[in-house]
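Thank you for making time this morning.

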Amino acid sequence: MTKDTSEIFIEGKSVEFTQASIKERGGSTASELNFTVPLGESNYRKYWNKEVTVFFQSGDGIPIFRGRIINTTINANVSVTFRALNVLGFLTGHQRARVTLDEDRNIDGLSAGASIVKLIRMAKLDNIIGTDYIGETTPVIKNNNPRGIVVILEEINSYIKKSIDLTNENYPRQNIIVVKDDGSKSQLRLEARADIDNATPIKIYSYNTNIISFGVVQRHLPTTIVVRGKGANATFTHDSATTAYGDNFLEVSNDELKSKAECMDFAQKIFRANLKSKYEYTMATFEGVYLQENDVIYIKDNETGIDGNFRIIGKTITFSPSTFKLQLTINKRPPILSEFFKIK
């Protein structure tokens, strides 16, 4: 990256800033931008709900962040910090967008993608949240004809829990909702989580070229897993893993499973997926600012033993007009974890 190129705009007007950060956590959560500007006027509330865009390098056609300002904080009368969330901020938090559905006004019979389009339109958010790229879940599913007050994000998450791509029988893939920018508006899109075993990585990392440091967190590994299906259930325990990692209990429900054998098979898949993803990594690097959730990268380093494909699950960028730091959150997790089922 060349210096003096990062730019922040409020309603299309460039603003001077001293420090900024973007945090993307993934998983249907809103990305957050915080940036600080010198104190120059008294009324900063006029900027609330105004669109803010960040271009990492001058001349970029698509911003690395687009969102709305939700708060301002004055710092000792010398500067002011703005906080903004991307379009998922309209669907999360205390003021989550919701609609009321009844026999006359509903989304009956629609697929998941078509349901999201109509819900966004019914909430009158289609001028802010784009759905041109929405696509469909894999496999395509329909909604359950919801009634009453419907929280849009909860409805979207219900589709994610129900839709599982089974084309790879060893590691079924969960669907996710991501945000893509088309240059003028943020667009929602449904995607199946990347198949890290078979995907072609879009970037290669090593300590010899572009890795600064690694941080490793060991996740708790469930060693006893109870799966409850529709009219059947099964319990899977891995004795040697219990000895090595301790006895950790997990119970999930999946109404698509109709027999004890199916429940047992699914429990074993959950165990294998968790075993493969017992570590989560944070990687400091100077390349990859434009990477997004669900992108696949390849890491090779002989000294640490890190080798193979990893999926991007989040990132943090800290920058000023002339400097930047980048941290990527990555793992090998196959999308068969309990998070997309009802956890007991």
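This is a predicted model: local features need pLDDT of at least 70, side-chain atom pairs count only at pLDDT 80 or more; totals for chains, interfaces and linings use all residues.

A salt bridge, as I use the term, is a side-chain nitrogen of Lys or Arg within 4 Å of a carboxyl oxygen of Asp or Glu. Linked in a network of such bridges are Arg 25, Glu 32 and Arg 83. Residues are numbered from 1 along each chain as its sequence is written, and side-chain values use heavy atoms, with hydrogens and water left out.

Across the whole structure, the search finds 14 salt bridges. One of them joins Asp 181 to Arg 66, with the closest N and O atoms 2.7 Å apart. This pair links distant parts of the chain, since Asp 181 lies in strand E12 and Arg 66 in strand E6, 115 residues apart; strands here are DSSP runs of at least two residues, and helices (H or I) runs of at least four, numbered from the N terminus. Asp 181 counts as buried because its relative accessibility is 16%, where buried means under 20% relative accessible area, exposed over 50%, and partly exposed in between, with a 1.4 Å probe and protein chains only. Arg 66, at 9%, counts as buried too.

Let me turn to the rings. Rings of Phe, Tyr and Trp (its six-membered ring) pair if their centres lie within 6.5 Å, and planes under 30 degrees apart count as stacked, over 60 as edge-to-face and the rest as tilted. The search finds 8 aromatic pairs in the whole structure. The pair of Phe 35 and Phe 82 is stacked, because the ring centres are 5.0 Å apart and the planes lie at 15 degrees. Phe 35 sits in strand E4 and Phe 82 in strand E7, 47 residues apart, and both Phe 35 and Phe 82 are buried.

Which residues touch the most other members of the largest nonpolar core? In this core of 35 residues, they are Phe 35, Val 52, Ile 297, Ile 299 and Ile 330; a nonpolar core is a set of buried Ala, Val, Leu, Ile, Met, Phe, Trp, Tyr and Cys residues joined through side-chain atoms within 4.5 Å. Its largest share, 5 residues, comes from strand E21. As for Ile 330, this residue belongs to strand E22 and is buried, with a relative accessible area of 0%.
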